[in-house]
Amino acid sequence: MLHDKKILVCVTGGIAVYKAVALVSKLSQAGADVKVIMTESAKEFVTPLTFQAMSRNDVFFDTFDEKDSKVIAHIDLADWANLIIVAPATANVLGKVANGIADNMVTTTLLATTAEVWFAPAMNVDMYKNKAVMRNIDALSNDGYRFIEPSEGFLACGYVGKGRLEEPERIVEIVQEHFMPKHLPLKGKKVVITAGPTRERIDPVRYVSNFSSGKMGYSMAKAAAHLGADTVLVSGPVSLEKPSGIKVIDVESAADMFEAVKNEYDDAAIVIKSAAVADYRPSEIHSQKIKKTDGDDSVLKMSRTTDILQTLGEWKKEQILIGFAAETENVLENGKGKLERKNLDYIIVNDVTDPGGGFGSDTNVVTLLSKDGLQQSYESMPKEELANVLLEVIAREEGFDAGNDR
Ligand code: CTP
């Protein structure tokens, strides 16, 4: 969950530069926006092009190569970052920063930033134990810099000992822990979320479905887990990666989805129905492929599916029920109607024709309505960010945010 986090990786010259490539790749894969600055020595090990490809951003190394005349690059990067990681950090860069020296793009940026800076040192074991290096590490720690200690093992110089750059996977974990909310309003609560379309079979080769991508539902599931919930995601057929740390139940039809949700309902604190459930299914599923016939039009007889949310509304005890309403006209009015009719606590309505959101899009524009009269509209924003905002608001409205600290 590093989405919307801006991480600057400063790469200084040691053999572990190759591991910094993996670090940048993994941070990007985790959703972070990553930029890289290299020292001249780092460029002796790996070219800037490699980091550019991994981060999908320009790589900086020359303080005087100002790519954008409107900004001063090292100040701009220093201000941009939410977190700066110096990896690998050589004895040289530690010495310079400990003494306020700013003689290249990395050190000038480090001096100019107010963001948190972490050093991940990597060097020969005896260099690491050297008194000057230890003194510099102490001074930097006292100045508020954080260290990701090197691990022990075989070093490139042939020695065995402490000096290996911490594994990129572990550094990413430490970064994720750092950005985890300190406050987990949904801790101890079971949250069930449905996502994606349903598929209603016609025959062995055909089905009826809709354009839902599942992105909003998956974002809601990730946000719930991020806020500490025990999260269950009931997913229709989508082409999204399974989120980690979340129980995923794959379903196909509206009937399958109803069955799965029913099984998870009793002990759920919150149920969020983001799925675009088919309202109708073919009345009959043909066991053989339907053959075309000459002449006549074909008519497919459809029957109503169960309205899952409405049924949950009828069965509701302590559960908080949250629905979605995808509308193309009279958006708020239709949304309010569904809120009441389905006995919901909240409904998230959106106009699927709005260019800032809708099916398949990475962004959404919604209004949150509650049975108690809350009406809050949100500008277009990435679905993952919106999901966090919506759940934070709902947790606060429900008084879930008291005393659930990490
Ligand atoms: N929903 C459901 N089961 C259905 C149909 C819809 O649980 N068979 C849920 C959706 O997951 C969503 C909410 O009901 O949270 C509203 O869905 P939507 O398709 O917007 O509305 P419908 O109730 O189907 O009404 P209409 O199609 O008439 O707009």
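Author: Glu327 is found in strand β17; strands (E, at least two residues) and helices (H or I, at least four) are DSSP runs, numbered from the N terminus. This is a predicted model, where local features need pLDDT of at least 70, side-chain atom pairs count only at pLDDT 80 or more, and totals for chains, interfaces and linings use all residues. Residues are numbered from 1 along each chain as its sequence is written, and side-chain values use heavy atoms, with hydrogens and water left out.

Reader: Is Glu327 buried or exposed?

Author: Buried means under 20% relative accessible area, exposed over 50%, and partly exposed in between (1.4 Å probe, protein chains only). Glu327 has 9% relative accessibility, so it counts as buried.

Reader: With which side chain does the side chain of Glu327 make a polar contact?

Author: A polar contact is a pair of N or O atoms within 3.5 Å; within protein, one must be able to donate a hydrogen and the other to accept it, and residues adjacent in sequence count only if both atoms are side-chain atoms. At 3.3 Å, the partner of Glu327 is the side chain of Asn334.

Reader: Which element gives the most to the shell around the ligand?

Author: The ligand is surrounded by 16 residues, each with a heavy atom within 4 Å of it. Both α12 (308-315) and β17 (320-327) supply at least two residues of this shell. With four residues, the top giver is β17.

Reader: How much of the ligand does the protein bury?

Author: Start with the polar atoms. Alone, the ligand exposes 560 Å² (Shrake-Rupley method, 1.4 Å probe). Of that area, the protein buries 78%.

Reader: How many residues of the shell are charged?

Author: Here Asp, Glu, Lys and Arg count as charged. The shell has eight nonpolar residues and three polar ones. The charged residues number five.

Reader: Is Ile249 buried or partly exposed?

Author: Ile249 sits in strand β13 (residues 247-250). Its relative accessible area is 21%, so Ile249 is partly exposed.

Reader: What share of the residues of the protein count as buried?

Author: The protein has 14 helices and 22 strands. It holds 406 residues, and the buried share is 50%.
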